[in-house]
Amino acid sequence: QVQLVESGGGLVQAGGSLTLSCAASGSSFSINAMGWYRQAPGKQRELVATITGGGTIVYADSVKGRFTISRDNAKNTVYLQMNSLKPEDTADYYCKISLWQVGKGALDKWGQGTQVTVSS
C-alpha cells in the first residue's frame, strides 16, 4: 500500500511564497506522473501542475511563471513552489501520484490536502 503525506500549506499575504511537498511511502511501487490540483470553496477541483517521469511539465495558465513543480525521485517526493501568490490562489491543494504497484497495477493516489490561504 502507498500513502501520500502533504505539507507546507498556510496563510500568506499576497505576493508571498509557499512551498508544498508531497511524499509517497510504501513498497513495491514505481511512480509515473505526479501532479498538484486545487479546489477553492464552491469550485470544482482543477489541475495546477503535473510532471511526468520523463520530466515533462504542464502548468495551468493561471499559475504559469509563478509556480514551479519539481520532483525528487530518491525521496519519492513532489514539490510545488508558489511565488507571487494571489488571493485567487486560495484553495485546498491536493497531490496526485500516478503509480504502478506490484500486484495491483496502475493506481492513482491522492494526498489528504493542504490549505493555502492568500490574504489581500
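# Close-up views of an all-strand chain

**Figure 1. The whole chain.** The chain has eleven strands and zero helices. The model shown is predicted. Read along the sequence, the pattern is β-β-β-β-β-β-β-β-β-β-β. The C-alpha trace spans about 50 × 25 × 25 Å along its principal axes. For 120 residues, a compact globule would have a radius of gyration near 14 Å, and the chain agrees with this, having 14 Å. Of the 120 residues, 38% are buried. The accessible surface of the chain comes to about 6200 Å², and carbon and sulfur atoms account for 48% of that surface. Among contacts with a separation of 6 or more, 56% are between residues 24 or more positions apart.

**Figure 2. The open sheet of four strands.** The strands of this sheet follow the order S1-S3-S8-S7, and their pairing is antiparallel. Strand S1 (3–7) and strand S7 (67–72) are the edge strands; each has a single partner strand, so one side of each has no neighbour in the sheet. On average, neighbouring strands of the sheet are turned by 15 degrees against each other, with direction ignored.

**Figure 3. The pairing of S1 with S3.** Five bridges connect S1 to strand S3, which covers residues 18–25, and the two strands pair in the antiparallel sense.

**Figure 4. The disulfide between Cys22 and Cys95.** The count of disulfides comes to one. The bond is formed by Cys22 and Cys95, with their sulfur atoms 2.3 Å apart; the cut-off for a disulfide is a sulfur pair within 2.5 Å. Cys22 belongs to strand S3 and Cys95 to strand S9, so the pair ties together parts of the chain that are 73 residues apart in sequence. The torsion about the S-S bond of Cys22 and Cys95 is about -80 degrees, so the disulfide is left-handed. Are the two cysteines buried or exposed? The cut-off for buried is a relative accessible area under 20%. Cys22 has a relative accessible area of 0% and is therefore buried. Cys95 is buried as well, at 0% relative accessibility.

Figure 5. S9 is mostly covered, with nine of its eleven residues buried. One of these buried residues is Cys95, which lies in S9. Strand S4, made of residues 29–39, pairs with S9 over nine bridges in the antiparallel sense. Within this pairing, Phe29 stands opposite Gln101 in S9.

Figure 6. Strand S9 (residues 91–101) and strand S10 (residues 105–110) run antiparallel and are joined by six bridges. Trp100 stands opposite Ala106 in S10. Gln101 has Gly105 as its bridge partner in S10. Where in the hairpin is a positive phi found? Three residues lie between the two strands, and Gly103 takes a positive phi near 90 degrees.

**Figure 7. Strand S9 beside S11.** S9 and S11 run antiparallel and are joined by three bridges. In this pairing, Tyr93 stands opposite Thr114 in S11. Thr114 is found in strand S11, which covers residues 114–119.

Figure 8. Thr114 has a relative accessible area of 10%. The cut-off for buried is under 20%, so Thr114 counts as buried. Which residues does Thr114 touch, leaving out those up to four places away in sequence? They are Glu6, Ser7, Gly8, Gly9, Leu20, Ala91, Asp92 and Tyr93. Tyr93 is also the residue that stands opposite Thr114 in the pairing of the strands. Glu6 and Thr114 are 108 residues apart in sequence, yet 6.4 Å apart in space from C-alpha to C-alpha.

Terms used: Residues numbered from 1 in each chain as written. Predicted model: local features only at pLDDT ≥ 70, side-chain atom pairs only at ≥ 80, totals over all residues. Heavy atoms only, no water. Pairing = 2+ DSSP bridges. Axes fitted to C-alpha atoms, helices over the stretch in contact; angles between N-to-C directions. Buried < 20%, exposed > 50% of the residue type's maximum accessible area, 1.4 Å probe, protein only. Contact = heavy atoms within 4.5 Å. Rg over C-alpha atoms; globule rule 2.2 N^0.38 Å. Areas by Shrake-Rupley, 256 points an atom, 1.4 Å probe, with all protein chains shown as cover.
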